[in-house]
Amino acid sequence: FPFDCQDLTCAIIENSNNAKCEFLPFLVEDKINFATIDPKYSIIDEWDLESSLLEFGKFNEGTDEDGAARIVLRLKMKRRYFTILLNIVIPMAFICGLS
């Protein structure tokens, strides 16, 4: 429980029937950060961002050969275990020791 990781996925999929779209990043330089995540603006204080991945591709449901355009953001989060140990485990051990 306190030493776990979570994989979070956010997918943006083009879902119209009449138009086909493609997501194409406009990269002007060779070594450019297309997308960055700044953890100082995060409101989730008990998780650390371990890694992130941004994917561009096609989404096939089996009926359409070409598939729909999609962008997928994958985040791997790691729980900060120190606060759980400090607020739950140590007081419970202290209470058990007193009984």
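Contact here means heavy atoms within 4.5 Å. The structure is a predicted model, in which local features need pLDDT of at least 70, side-chain atom pairs count only at pLDDT 80 or more, and totals for chains, interfaces and linings use all residues. Residues are numbered from 1 along each chain as its sequence is written, and side-chain values use heavy atoms, with hydrogens and water left out.

Helices (H or I, at least four residues) and strands (E, at least two) are DSSP runs, numbered from the N terminus. Their order from the N terminus is β-β-β-α. Among contacts between residues at least 6 apart in sequence, 66% join residues at least 24 apart.

The accessible surface is about 8,500 Å². Carbon and sulfur atoms account for 57% of that surface. Areas come from the Shrake-Rupley method with a 1.4 Å probe; for residues, only the protein chains shown count as cover. Of the 99 residues, 13% count as buried. Buried means under 20% relative accessible area, exposed over 50%, and partly exposed in between (1.4 Å probe, protein chains only).

Gln6 lies in strand S1 (residues 5–13). Gln6 is partly exposed, with a relative accessible area of 35%. Neighbours within four places in sequence aside, Gln6 is in contact with Trp47, Leu75, Lys76 and Met77. The C-alpha atoms of Gln6 and Leu49 are separated by 9.8 Å, although these residues are 43 apart along the chain.

Arg79 belongs to strand S3 (residues 68–79). Arg79 is buried, because its relative accessible area is 12%. The side chain of Arg79 makes a polar contact of 2.7 Å with that of Glu46. A polar contact is a pair of N or O atoms within 3.5 Å; within protein, one must be able to donate a hydrogen and the other to accept it, and residues adjacent in sequence count only if both atoms are side-chain atoms.

The largest pocket contains about 260 Å³ of space. A pocket is an open set of points on a 1 Å grid over the protein atoms alone, where a 1.4 Å probe fits, with protein on both sides within 12 Å along at least five of seven lines; lining residues have an atom within 4 Å of a point. Grid points are joined across faces, edges and corners, and the volume is the space filled by probe spheres set on the points. The lining includes Leu8, Ile37, Trp47, Leu75 and Arg80. Strands S2 (47–59) and S3 each give two or more residues to this lining. S2 supplies the largest share, three residues.
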